[in-house]
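Here are my notes for you, as numbered points to read beside the model. Keep the structure open while you go through them.

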Amino acid sequence: MQYLVVAVIAVCAVVPHTTESLEWCYNEPSCNDSTWSTIAPLYCNGSRQSPININSTSAKPDSNLTAFTFQNFNSTTAFQTMNNTDNTVRIILGSGVKISGGGLSESYDSLQFHLHWGNGSSVPGSEHTVDGKRYAMELHIVNVKSSYNRNMTLAAGDSTGIAALGFFIEAITDNTTKTPQSWSNLTSYLKNITNSGDSVAIAPGISLDDLLVGVDRTKYYRYLGSLTTPSCNEAVVWTVFKDSIKVNKDLIDLFSTTVHFSNSSSPFMTNVYRRTQPAQPVTTQPAATTTSSASRSLASTPYYFLGLMALGLTLRRN
């Protein structure tokens with residue numbers, strides 16, 4: 001996950017450090033993710049790094065992982081601009097988009113979202129993996145504690161200052177599942193940001209809810225980790241949703257065939273993801289939650305009460 005603004009190094013005092021001053025990359029041997037621990041050693045070789053492989057069978061139940069409240073995720077005017085940052089495609093969100101609940105300590109303001117991908121739909125490039133499976137792409141929504149008033153610098157110096165929402169994107173290779181129109185609309189802007197530094201305003205009409213169609217946002221994994229690009233601050237509460245977003249492979253292919261790392265003479269932007277880091281403790285919703293809900297649903301049906309009455313009459317006769 002990335003955010004190209006001033007990050008924080010907390011040593012005894014707050015000393016600003018800008019990620020833009022770090023010469024890091026995905027595509028060059030001298031600055032790719034194998035060198036980040038040297039380029040930004042304070043955090044990138046830390047003990048709480050992201051992304052990770054999530055082992056679904058070892059995720060421990062946590063009853064505090066309740067449903068989220070998503071404020072203004074249905075707003076069709078929240079998307080401000082789409083940018084080519086030289087290592088991803090990033091969409092800036094206007095104020096008023098927030099998340100709360102979900103076991104978070106307070107509400108968080110949603111600042112932006114961006115994507116990670118491999119090389120077309122045939123070479124997957126999600127950052128997180130589940131039981132070793134890597135998806136075609138991954139979408140990250142970056143949120144900071146509302147008490148920091150959208151200040152990423154302060155949030156990056158707090159061990160839970162940033163809440164990142166990770167959504168897997170799965171490639172559709174046939175016509176059995178229809179891609180939401182929102183993804184066609186979103187990818188239509190890629191032709192306007194082919195070079196690094198390019199930016200285009202997004203017209204009203206697309207919402208976050210539109211992009212997240214098909215995802216049950218009550219089912220997710222949780223762990224404490226880091227930003228996934230330098231300076232890799234260990235300040236992130238990660239939420240990785242279990243359901244994937246289904247997107248047509250032709251739209252996924254556009255990311256690695258339209259946008260360049262630098263300019264039109266440079267390579268296309270491909271394989272923009274960090275390799276998985278050492279495992280961290282992962283939690284998820286207790287399985288009993290689903291069972292209890294099913295029991296409550298059954299208990300509300302007339303057949304349930306008729307069954308109880310029949311059982312009572314049988315016991316009396318005996």
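1. Let me begin with the surface. The chain exposes about 14,300 Å², and carbon and sulfur atoms supply 53% of that area. Please keep in mind that this is a predicted model. Of the 318 residues, 48% count as buried.

2. Next, the overall layout. The secondary structure comes to eight helices and 18 strands. If you take the contacts in the chain with a separation of 6 or more, residues 24 or more positions apart account for 72% of them.

3. Now to the interior. In soluble globular proteins, nonpolar side chains tend to be buried together. Here the largest nonpolar core has 56 residues, and Phe-79, Met-82, Phe-113 and Trp-183 are those with the most contacts inside it. Apart from that core lies another one, of 22 residues, with Ile-52, Val-144, Leu-227 and Val-282 among them.

4. Strand S6 (residues 79-84) runs antiparallel to S7, and five bridges join the two. Within S7, Ile-91 is the bridge partner of Met-82. S6 is also joined to strand S14 (residues 199-201) by three bridges, again antiparallel, and there Met-82 stands opposite Val-200.

5. Four residues lie between strands S6 and S7, and Asp-86 takes a positive phi near 90°.

6. Helix H6 (residues 249-258) deserves a point of its own. Its buried residues are Leu-251, Ile-252, Phe-255, Ser-256 and Thr-258. What do the buried residues of H6 pack against? Their partners are strands S7 (89-93), S9 (108-117), S12 (137-145), S13 (162-172) and S17 (245-248), together with helix H4 (181-187). At the start of H6, a side-chain oxygen of Asn-248 comes to within 2.8 Å of the backbone nitrogen of Asp-250.

7. Helix H4 contains Thr-187. Is Thr-187 buried or exposed? Thr-187 counts as buried because its relative accessibility is 5%, and the cut-off for buried is under 20%. The side chain of Thr-187 reaches the backbone oxygen of Trp-183 at 2.8 Å and that of Ser-184 at 3.3 Å. Not counting residues up to four places away in sequence, Thr-187 touches Leu-251, Leu-254 and Phe-255. Two of these, Leu-251 and Phe-255, are among the buried residues of H6.

8. There is an open sheet of three strands to check as well. Its order is S3-S10-S11, with mixed pairing. Strand S3 (53-54) and strand S11 (133-134) stand at the edges with a single partner strand each, so one side of each has no neighbour in the sheet. Strand S10 (residues 129-130) runs antiparallel to S11, and two bridges join them. In this pairing Val-130 stands opposite Lys-133.

9. For anyone thinking about cysteines: a search of the whole structure finds two disulfides. Counting bonded cysteines along the chain, the pattern is 1-2, 3-4. Cys-25 counts as buried at 8% relative accessibility, and Cys-31 counts as buried at 11%.

10. The other disulfide joins Cys-44 to Cys-232, with S to S at 2.0 Å. This pair links distant parts of the chain, 188 residues apart: Cys-44 sits in helix H2 (residues 41-44), and Cys-232 in the loop between strand S15 (220-225) and strand S16 (236-241). With 80° about the S-S bond, the link is right-handed. Cys-44 is buried, with a relative accessible area of 5%, and Cys-232 counts as buried at 0% relative accessibility.

Notes. Residues numbered from 1 in each chain as written. Predicted model: local features only at pLDDT ≥ 70, side-chain atom pairs only at ≥ 80, totals over all residues. Heavy atoms only, no water. Buried < 20%, exposed > 50% of the residue type's maximum accessible area, 1.4 Å probe, protein only. Contact = heavy atoms within 4.5 Å. Polar contact = N/O pair within 3.5 Å; in protein donor to acceptor, adjacent residues only side chain to side chain. Pairing = 2+ DSSP bridges. Areas by Shrake-Rupley, 256 points an atom, 1.4 Å probe, with all protein chains shown as cover. Core = buried A, V, L, I, M, F, W, Y, C linked by side-chain atoms within 4.5 Å. Disulfide = S-S within 2.5 Å.
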